[in-house]
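Work through the exercises below with the sequence and the model at hand. Each task is followed by a stepwise solution.

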Amino acid sequence: MSAGLLLSLAGLALIDSTSIGTLFIPIWLLMAPGRINVRRILAYLGTIAVFYFVVGVLLAVGGTRIASALDGTLDSRPVLWTQLALGVGLFALSFRYDGKRRKAGGGVLRWRDRATSGDSSVRWLVGLALLAALAEVATMLPYLAAVGLMTTAELPAATTAALLGGYCLVMVLPAVVLLGARLAVPRLIEPLLARLNEWITKHAGGTLGWILGIAGFLLARDAAIRLWPGVIGG
């Protein structure tokens with residue numbers, strides 16, 4: 001397991017930490033007036049992390065079985081050239097994406113309003129987390145890229161599970177840090193939360209463009225390293 005792989009996974013996890021489910025909705029919850037219910041917010045973040053972990057394990061297991069069935073063809077030059085072309089294509093597509101499709105749905109908004117109300121329970125936060133995660137399954141490109149990198153690295157199952165767990169922890173870490181700051185220094189953090197909420201509301205529609213760009217770059221870089229190991233360092 002190379003340092004380059006770890007850095008790539010950490011970068012993808014930090015990208016995933018800025019999605020609607022992992023940052024936007026937690027900021028909404030932290031901006032709710034009154035005393036913050038730590039248990040409910042941690043239940044929300046825990047549900048997101050567990051959901052991603054389970055999806056990652058399923059994808060990694062499936063990817064490993066496919067790799068075994070293909071018996072090394074994933075390392076063949078045609079497949080690597082295909083991966084390189086896919087990465088370059090995603091990177092190029094990022095410059096043309098207009099960002100109009102990356103918006104929170106009305107269902108998420110309704111569940112958020114219910115979750116932030118004073119009489120809501122933990123089950124509403126768990127439901128909101130599952131709804132947000134399910135809504136992003138089709139666009140969890142950083143996570144799919146991370147699982148792909150782990151699968152092609154042919155790591156032991158225990159190592160892959162540990163990396164997936166670490167990825168999910170890093171993914172929710174910024175929200176946990178904001179939660180701690182909201183509890184420790186509410187007067188200082190509330191203006192920052194308001195600015196973050198304003199920025200996300202304004203720019204959330206265009207985040208898929210740079211997510212596509214970074215995920216495409218990492219996929220292309222991995223293929224290029226394996227195509228030209230003596231030229232590009234791993």
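Among contacts (heavy atoms within 4.5 Å) in the protein chain between residues at least 6 apart in sequence, 82% join residues at least 24 apart. The model is predicted, so local features need pLDDT of at least 70 and side-chain atom pairs count only at pLDDT 80 or more, while totals for chains, interfaces and linings use all residues. Residues are numbered from 1 along each chain as its sequence is written, and side-chain values use heavy atoms, with hydrogens and water left out.

**Exercise 1. Describe the make-up of the protein chain and the confidence of the model.**

Step 1. The protein chain has ten helices and zero strands; helices are DSSP runs of H or I with at least four residues, strands are runs of E with at least two, and both are numbered from the N terminus.

Step 2. Of the 234 residues, 44% count as buried (under 20% relative accessible area; exposed is over 50% and partly exposed in between, with a 1.4 Å probe and protein chains only).

Step 3. Mean pLDDT (the predictor's confidence in each residue, from 0 to 100) is 76 for the protein chain, and 69% of its residues reach 70 or more. By element, the lowest mean, 53, belongs to helix H5 (residues 106-116), and the highest, 93, to H8.

Step 4. Over residues 99-108 pLDDT stays under 50, and the model has 18 contacts beyond four places in sequence for this stretch.

**Exercise 2. Determine how H2 and H8 are oriented and which residues join them.**

Step 1. The axes of helix H2 (residues 20-30) and helix H8 (residues 157-184) are 9 Å apart, at an angle of about 15°. Axes are lines fitted to C-alpha atoms, for helices over the stretch in contact, and angles run from 0 to 180 degrees between N-to-C directions.

Step 2. H2 and H8 are therefore roughly parallel (under 35 degrees; over 145 is roughly antiparallel, 65 to 115 roughly perpendicular, and the rest oblique).

Step 3. On the H2 side, Thr-22, Leu-23, Pro-26, Ile-27 and Leu-30 make the contact; on the H8 side, Met-171, Ala-175, Leu-178, Leu-179 and Arg-182 do. By class, eight of these residues are nonpolar, one is polar and one is charged (Ala, Val, Leu, Ile, Met, Phe, Trp, Tyr, Cys and Pro count as nonpolar, Asp, Glu, Lys and Arg as charged, and the others, Gly among them, as polar).

Step 4. As for burial, eleven of the eleven residues of H2 are buried.
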